[in-house]
Amino acid sequence: MLLPKFEYHEPLTVDEACRIMGELGQSAKPLAGGTDLIVNMKKKVLSPSHVVSLSGIADLKELDSGNGTVKIGACITASEIAQSETILKSFSALSKGAGSLGSPLIRNLATIAGNLVSARPAADFPPALLAYDGQVVLMKSTGERIVPLSDFFKGPGQTVMEPDELLTQIILQKPPAGSGAGFIKLGVRKTLEISLTNAAAYLALDQDGSIKTARVFLGSVAPTPLRSPSAEKILTGEKPDEALFEKAGEAAAGDSKPIDDFRASAEYKKAMVAVLTKRALNMAFKEANAG
Amino acid sequence: MSEYDVINSRAPRLDAPDKATGRAKYIDDLKMPNMLYGALLQSPFAHAKILNIDTSRAEKLPGVKRVITAKDIGTVNYGISPARYDETVFCTDKARYVGDEIAAVAATDLETAHEALSLIQVDYEELPAILSIEEAMAEGAPAIQDKFPNNIGAEVHQEFGDVDAALKECDLVRTDTFINKRQDGAFIEPHGCVADFDRSGYLTLHSSAQSPHYTMRNVAMVLGLPIGKVRVVKPYVGGGFGPKMEATPMDYCASFLSKVTGCPVKMNYTREQVFLHSRARHQFVHKLTTGVKKDGTIVALANECHMDGGAYSSFGIATVYYAGSLLGAPYRLKNMKYDGYRLFTNKPACGAQRGHGGVAARAAWEQQVDILAEDLGIDPVEMRLRNSMEAGDVTCNDFNTSSFGMKECIQAVADGSDWKSKKGKLPEGKGIGVATGFFVSGAGYPIYRSETAHSTITIKLSDDGGIVHVFSGSAEIGQGSDTTIGMIAAEAVGVPLSDVRVESGDTDFGVDLGAYSSRQTLMTGHATKDAAENIKAQVLEVLSEEMGIPVEEMDVKRGLIVFKNGSPDFQKVRTIYVKEHRGFTDSPKEGSLTFKEAARLAYLRKGNIVGTGKYSPGELGGKFKGATVGTSPAYGPSAQVVEVSVDMETGQVTVDNMNDAHDCGFAINKTSVEAQMEGSLSMGLGEALYEEVKFDDKGNILNANLGEYKLATALDMPPVNAIIVESNEPAGPYGAKEVGEGAIMPTIPAILNAVYDAAGVRVWELPLTPERVYKAIKEKEAKEKEKK
Amino acid sequence: MKKLISVNINDKEYEVAVSPNQTLVDLIRNDLELTGTKKGCELGDCGSCTVIMDGKPVNSCLVLAVQANGKKITTIEGVANGEKLHPVQEAFVEHGAIQCGFCSPGMILSGKSLLESNPKPTELEIRTAISGNLCRCTGYQKIVEAIKDVSEK
């Protein structure tokens, strides 16, 4: 399979990359791991005349942890995130999401930013990052802006990013004690799967054990990762138990808007939202109790 | 202590070190000076008239050496079976599926070749496309092939015994309908070829082929070349499983392009093109009616089958027979009726894939037999044992079983899986299931009518006597046939395996029908044994003359001459050898005379020591129409017990372990037999749970890649306990018969039966995706609620 | 316009002019004629193009040749030690873990890579490490056994 012809750029700093993106705009695509861009170029879905490689930029591979905040560099790979003690300690659901992406070979190339920027509804990073209320740093030559991830996605393959912007960092606040999260993905096989449905849940418990904060995010059942306000409403203020989680699951199913496609029917996906949400909540609760 | 020195062991494969180090060359690894790259233009429509093809702009592109269409290469009809020669290399009047070949280009590099394709102007007139069996059979449906106005490309009606009468005598009768989906061969290496037409009119076609012989004949026929001037050579092949049995359009195009450009031409399929070419497993719809007696005896079977065959016949003329005939065993069945229909549709052509037409039929019937067993209150293992055939039994459709370890296989998996302590005792969501199956050990007749031997072998000894060089037209495609042949040759001559060199897959070495219908161990093995015994005889004859000892009093074992009476003085023979090898540091010093020295003597006395062998099955099978399909010199039965977990909330099925027992007659190489069983099981598991070629409503394949067409990964496959059963097949060399295709047979139904045991649902449509199982569970729950 | 890159493959330094749209697998196979690395799907679905790049097994069909500039790569040709097979290769041969052999280079590299970072893996860890390498011939049984055998020595 042949790749279309393009001009290749290899900036060494973020500033240089932003300058190039600023000049080329729509005609350029950033390249990190290549597991999405190269595939789509071979399938002739995308044919950018310019490709801007970010692999040479050391700053984008930094993982910063301190002061209750973790900053993840854009080009850190799914493998690195899945194997990071720092991430596992504070963001277990993110660790799980990263470890479920593709295959071990894909994970060694695929980057966290690539997974966000390609904005596939079934992507493995967004649900957990959203459950942890993450933010992204978007940079261009004239400056940077910080956008909550919940405002980032607009549709399949579409984000709020402007053509000359680069996603450079993901910012997460370390969750408080007495909180936990869970991520769960349903595929046909055990690996190398694009989710039929996935779900991430975050619970922070109050002193008396009731739910202070609940966040439920679903993947693959809407044009973008989807929040479930109905599930969150049912959960907030209540004492967690199996029956509550089941109700929350049903509510999440109600919020979901899946479509029939060649992978599965909308009806099935909706039913699975209920099951996966319940299971993710169980995982979150277990972790919240443990720590 | 084995009575054999080489065979029945775990000898490492001869080709493994090359494959482990990257030395092994496959078709895409071949490169020749001045080589051109070819590319195919394929129809984007499922059904369309071709009004005009304009190649002029493509021809003018710098770097393009030649553009060809039907008017250049000709329109000789071909197929894999002469009964249905319904293909031409390129479409003439119309395209019949998305992917049907229209034209080809040869250029200096691949990029130019592809650019040239985009410059070929084709005017199409779209026609209504037929994309299902129902559409093909509907009133007024357009004919995809003119010769078959009702789209039924092949039709079979057979009856053995009297099914209607027999059903009336049954205590329990049930009818079920089962559907599988198109599968793809999905070998990891896509097809490819490199054609090299020299300046003397000789074509050497390197091709990733399962049968160099069939490919050679077809290429010669289609291009109008004398057979003797066409040589087909296969390099290492990265899997075949059936779809690589027939010459691809690339084989014809590259050969022709090489001829007209005077350059070697290479062509490859992308993974997508592998899907578009297909020649893989059909979709079958089986309606089975089975009648049994109270005591579990299976009395009668009526099998109605409709198959989606795609746009051309390929192996389908055999498939439509196998879909009926392969239910004739392994149970004692006296009454069997089969009505089979193969429909043309505007999709890629389906052909033969591991297990051929028997896999879907077996899946359907084994689930049905399981239900009948339950309704009668008989344990499923017991049900199989009660009905199993034994060696010597003849099926109602005239299959002669000279060896048949069916019962031993069933017992082995029942024991190996601890069936007794698990069946009926597992919690909800956990299940255990059993199934059986069998397959032929080589098709009884070649695919084209002929008296040809099915396999011929030539063996030549190196002139120093040290190496036994075996030449075979057979195809090593990963199943281990080269090693099997080598081991048989070593055993039959009487030398260690390390003294045997096997070269294969080259039509210059002689006729061998190739790697299909699970034939090579039995058929090529037999020819090899013959040739090797001939070699041994020639050498011992010379030795006998030299030493004055009768041939019957000598033998060869482990590379040494064995004298049955006493220890005669062999110094004279040794001296001849040593004198001619002065300076050599490895001259024989053993206390016994070596085969090498005797063979050297034979060379000195007679010249090249060459032995030949051949094999033909002889007259087989019944006299009824279609009797030839399914007849075989031997049959390999197998049984499987599988344990599964079903996630009752999501429907996801996990296979936890598999016990498989296969009667291979006699294991020439035990590791290879187990390996073939394990591989068969993974293909069966894939078809049961994940694999399905999906089309949109315009006939485009939606999942023509290995991401969305899902093979089992190492995390999906469970541990497999492979148990070898040896029943000593009289028709096989050293008692050996097949394993390569038979082992897949029980896999799908064992999983279906285990899923029933775990979740209480019977699923009659493959694959068992989580959604399909979930729906079945929900329907069952709804029904139970209604009852209350 | 081609770009000149330097890449270390199997401990040998190469300087090659490559087109931006050339993949690493094509550089290795076509320009450098190291044909042990295979192409099964070219979309990262099958793993037969696996190479070790800067210590990690990756799908070389998804890496641009230009991205390999300055990197250290091991292909299957770099695994054996002269005449002597690497223990993983030896085990694959002994256990019958190789049938058609097309997935074997990728499998061996994934297995070798696992054992270098995790010398005593569990069966689940072995299966996970090779889960990106598809095999149609073996059912993975003898591959897992081979890797396990090496880990137990």
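This is a predicted model: local features need pLDDT of at least 70, side-chain atom pairs count only at pLDDT 80 or more; totals for chains, interfaces and linings use all residues.
Reader: What is the bridge partner of B:Thr458 in strand 22 of chain B?

Author: Strand 17 and strand 22 (residues 610-615) of chain B run antiparallel and are joined by 6 bridges. In strand 22 of chain B, the partner of B:Thr458 is B:Thr612.

Reader: Which residue in the turn between strand 17 and strand 18 of chain B has a positive phi?

Author: These two strands of chain B pair in the antiparallel sense over 5 bridges, and B:Ile459 has B:Val470 as its bridge partner in strand 18. They form a hairpin with 6 residues between them. In that turn, the residue with a positive phi, about 85 degrees, is B:Gly465.

Reader: How much area is buried between chain A and chain C?

Author: Contact involves 28 residues of chain A and 29 residues of chain C. Carbon and sulfur atoms give 64% of the buried area. The area itself is about 2300 Å².

Reader: Which residue of chain A forms a salt bridge with C:Lys3?

Author: Good one to look for in the structure! The count between chain A and chain C is 1 salt bridge. Its closest N and O atoms are 3.1 Å apart, and the partner of C:Lys3 is A:Glu10.

Conventions
Residues are numbered from 1 along each chain as its sequence is written. Chains are lettered from A and ligands numbered from 1 in the order in which they are written. Side-chain values use heavy atoms; hydrogens and water are left out. Two strands pair if DSSP finds at least two bridges between them. Helices (H or I, at least four residues) and strands (E, at least two) are DSSP runs, numbered from the N terminus. Contact means heavy atoms within 4.5 Å. Buried area is the accessible area (1.4 Å probe) that two parts lose on being put together, summed over both. A salt bridge is a side-chain nitrogen of Lys or Arg within 4 Å of a carboxyl oxygen of Asp or Glu.
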